[in-house]
Amino acid sequence: MKRLIYILAVLLLMTACHTQKTGQAPHRREGKKQVLEQVVQHQPVFQTAKAAKVRFSIRYEERLITASGTINIYTDSAILVSVQPMLGIEMLRIELTPQAVVVVDKMNRRFVRMTFGELQKKAHMPVSFQDIQALCTNRLFVIGKEPSRIPDLNFRLTQEDGHWLLQHNAGLLRYTYVVGKDDYALQQTELSVPMTNYTAQVCYRQPETVDGVYFPQVIELIFNLPKLTGSCTISLQRLCFECNVNVKPLELDRYKQVNLSTLLSK
């Protein structure tokens with residue numbers, strides 16, 4: 001069960017944050033376009049990032065589970081998450097590339113590999129590496145849309161004290177983004193299913209400037225999904241940008257490939 005929680009909590013970086021709605025009238029188009037352009041311009045930009053010390057705090061079914069780990073990112077190429085629950089020994093690794101997601105259970109020497117085509121069939125939506133990367137790196141995204149298309153999409157813009165709200169409906173999902181009114185930094189992202197209480201949330205907290213990049217030091221996931229309700233707080237420590245990162249995939253010759261159901265069964 002613990003392994004299941006670890007995997008689900010980290011993989012929820014693929015899907016995303018809740019915020020209060022406002023009843024104020026939408027702003028005119030010129031204001032909306034200007035705000036969107038400012039948000040895009042103020043998104044974090046870097047080639048590499050490394051959190052050498054990460055703290056995962058996972059709440060699930062009234063239990064609190066903590067673990068440490070690392071996160072390495074090479075923009076547009078790879079994201080590597082290492083989870084080390086005991087004595088600094090790596091027990092779980094998640095490797096994401098534009099082609100596939102690989103989850104390695106090192107304790108039981110087995111792994112699952114899913115192409116994004118397979119993942120899209122399971123998720124019933126065209127989720128991509130770019131979408132996951134955007135969630136991990138504090139950027140706007142809409143599943144199935146290229147980042148360059150974001151400013152052209154039909155967002156609804158409203159204003160609350162201290163921040164903007166941007167909303168967009170696409171397919172069965174509603175996207176809600178909370179943006180700082182002064183710094184245009186993305187504070188929260190929400191995916192929700194209208195007419196239900198299903199939401200997946202990512203909240204970006206405690207932003208600081210590190211190596212010239214304005215980036216949150218705490219990322220909180222809050223999820224209320226069918227058969228899965230809980231939260232995961234990820235605290236990033238010893239963070240650096242434009243530094244050397246190791247995103248080399250693990251050699252899997254000595255590991256057994258299984259399907260996801262088998263990996264989660266024990």
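These questions and answers concern the surface, the strands and the inner spaces of a predicted model.

The model is predicted, so that local features need pLDDT of at least 70 and side-chain atom pairs count only at pLDDT 80 or more, while totals for chains, interfaces and linings use all residues. Residues are numbered from 1 along each chain as its sequence is written, and side-chain values use heavy atoms, with hydrogens and water left out.

Q: How many strands does the protein have?
A: Helices (H or I, at least four residues) and strands (E, at least two) are DSSP runs numbered from the N terminus. By that assignment the protein has 5 helices, and its strands number 14.

Q: What percentage of the 266 residues count as buried?
A: A residue is buried under 20% relative accessible area, exposed over 50%, and partly exposed in between (1.4 Å probe, protein chains only). Of the 266 residues of the protein, the share that counts as buried is 50%.

Q: Is Leu-87 buried or exposed?
A: Leu-87 sits in the loop between strand E3 (78-84) and strand E4 (92-96). Because its relative accessible area is 84%, Leu-87 is classed as exposed.

Q: Is Leu-64 exposed or partly exposed?
A: Leu-64 belongs to strand E2 (residues 63-74). Its relative accessibility is 48%, so Leu-64 counts as partly exposed.

Q: Which residues is Leu-64 in contact with, leaving aside its neighbours within four places in sequence?
A: Contact here means heavy atoms within 4.5 Å. With the neighbours within four places in sequence left aside, the residues that Leu-64 touches are Ser-57, Ile-58 and Arg-59.

Q: How far apart in space are Leu-64 and Ser-231, C-alpha to C-alpha?
A: In sequence, Leu-64 and Ser-231 are 167 residues apart. In space, their C-alpha to C-alpha distance is 9.6 Å.

Q: Which strand gives the most to the lining of the largest cavity?
A: On a 1 Å grid over the protein atoms alone, a cavity is a set of points where a 1.4 Å probe fits but cannot get out, and lining residues have an atom within 4 Å of a point. The largest cavity is lined by 15 residues, of which Ile-71, Ile-73, Cys-136, Ile-219 and Leu-236 lie nearest its centre. Strand E1 (48-60), E2, E3, strand E12 (213-225) and strand E13 (228-241) each supply at least two lining residues. With 4 residues, the strand that gives the most is E13.

Methods. On a 1 Å grid over the protein atoms alone, a cavity is a set of points where a 1.4 Å probe fits but cannot get out, and a pocket is an open set with protein on both sides within 12 Å along at least five of seven lines; lining residues have an atom within 4 Å of a point.
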